[in-house]
Amino acid sequence: MNIKQFGILVDRYLSGNASAIEIHAIDQWLNKSEESTEVLSDQERMKLQDELLQQIRQAMPDQAPLKQGALIRLIKPYLRIAAMLAMLIGLTWLYQSYQANKTVTISNNKVTYETYRTPKGLKAMLKLSDGSLIQLNAATVFKYPKQFQGATREVILEEGEAFFEVSPNAHKPFIVHAAHQIDTKVLGTSFNINSYRATGRLTISVNTGSVQVTKASGKSKKTMGIFIPGQGLSYHAKDEQFEYHKLDATELAVWKNNILVLKDADFNELKQRLENWYGIEVHLHTKADPTVLFTGRFFNKSLNEVLHALQRINHFHYELKSNKLTIEKERKPM
């Protein structure tokens, strides 16, 4: 049984669709693999548990809330399975990737690319053939070859956000093609690219090493800068302008740690961020106003907790039914 087949079996087990024989086999395997959770640090185990708790709560919006102890008992088999998968594959987010991965192929310059899509509300991690690790945020479309060929390692971030940990190879540069014909070239480093088209902005931030960023203009390319840790740039598509920024290492790619950060976000950006983060559908009954902006930092907060906090920044009315959120200007008293 390969790992993909094993993942499908685990999915059936967790969803309650496995046969009696399959359930018995998984239960026996779990009993023998209790020690497999030791491959995760306490911090990783707590993070995994928090993410699973949040997913379970979101999956039961119309039921009475379960007590913390009941939730922990409920996720115990999920946690043990995820830990075992982490040991086998080295990916602590693999328990999400089976649901998120839908692969198609495209032909581009005689290189076949796989397309990996993460749905709204889920994150995932990929390990490329060269050993590079790519963490994908929700609502992201990422294209990569099964095997790198030629003198470069080229991938495409078509939409969304990703954190790259590139395996060093001085003879084979790693190049990320992103929106607005912006390329990021490295030899071996880690960095974050945020490129959701709805925002009209692309942001690159460096964690380790250095990156060279270029932008295509016709048949030529313009170097926008070479950046080291704590540095980066933001490109604004509307006016085709870019600006440099400095960022503390603790603020880089905090989404990987389940922290939702809003910085001067208008209603349109708020809509996009909430849809992607919580996997919901948002309807705006108010226009974006440059004077109405939201800034906040939320760690493992429910959607209602975030909305209540945002209401204290700028007044608005919202209604949440099932998986649909409606936001409108604050209603005037009758």
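## The second largest pocket

The second largest pocket has a volume of about 1000 Å³, a value computed on a predicted model. Its lining is made up of 36 residues, and those that lie nearest the centre of the pocket are Asn194, Arg201, Thr203, Val261 and Lys263.

Several elements each give two or more residues to this lining, namely the strands β9 (190-195), β10 (201-208), β13 (231-236), β14 (241-246), β15 and β17 (294-299), together with the helix α6 (267-278). Of these contributions, that of β15 is the most, at six residues. By residue type, the lining of the second largest pocket divides into 13 nonpolar, 13 polar and 10 charged residues.

## Asp264 in strand β15

Strand β15, which gives the most residues to the pocket lining, covers residues 259-265 and includes Asp264. The backbone of Asp264 has a phi near 50 degrees, which is a positive value in a residue other than glycine. With a relative accessible area of 47%, Asp264 is partly exposed, because that class lies between the limit of under 20% for buried residues and that of over 50% for exposed ones.

## His180 between β7 and β8

A positive phi is also found at His180, where the angle is near 65 degrees, again in a residue other than glycine. His180 is placed in the loop that lies between β7 (174-178) and β8 (182-186), whereas Asp264 is placed in a strand. The relative accessibility of His180 is 24%, and this residue therefore counts as partly exposed.

Definitions and conventions: Residues are numbered from 1 along each chain as its sequence is written. This is a predicted model: local features need pLDDT of at least 70, side-chain atom pairs count only at pLDDT 80 or more; totals for chains, interfaces and linings use all residues. Side-chain values use heavy atoms; hydrogens and water are left out. Helices (H or I, at least four residues) and strands (E, at least two) are DSSP runs, numbered from the N terminus. Buried means under 20% relative accessible area, exposed over 50%, partly exposed in between (1.4 Å probe, protein chains only). On a 1 Å grid over the protein atoms alone, a cavity is a set of points where a 1.4 Å probe fits but cannot get out, and a pocket is an open set with protein on both sides within 12 Å along at least five of seven lines; lining residues have an atom within 4 Å of a point. Grid points are joined across faces, edges and corners, and a volume is the space filled by probe spheres set on the points. Ala, Val, Leu, Ile, Met, Phe, Trp, Tyr, Cys and Pro count as nonpolar, Asp, Glu, Lys and Arg as charged, and the others, Gly among them, as polar.
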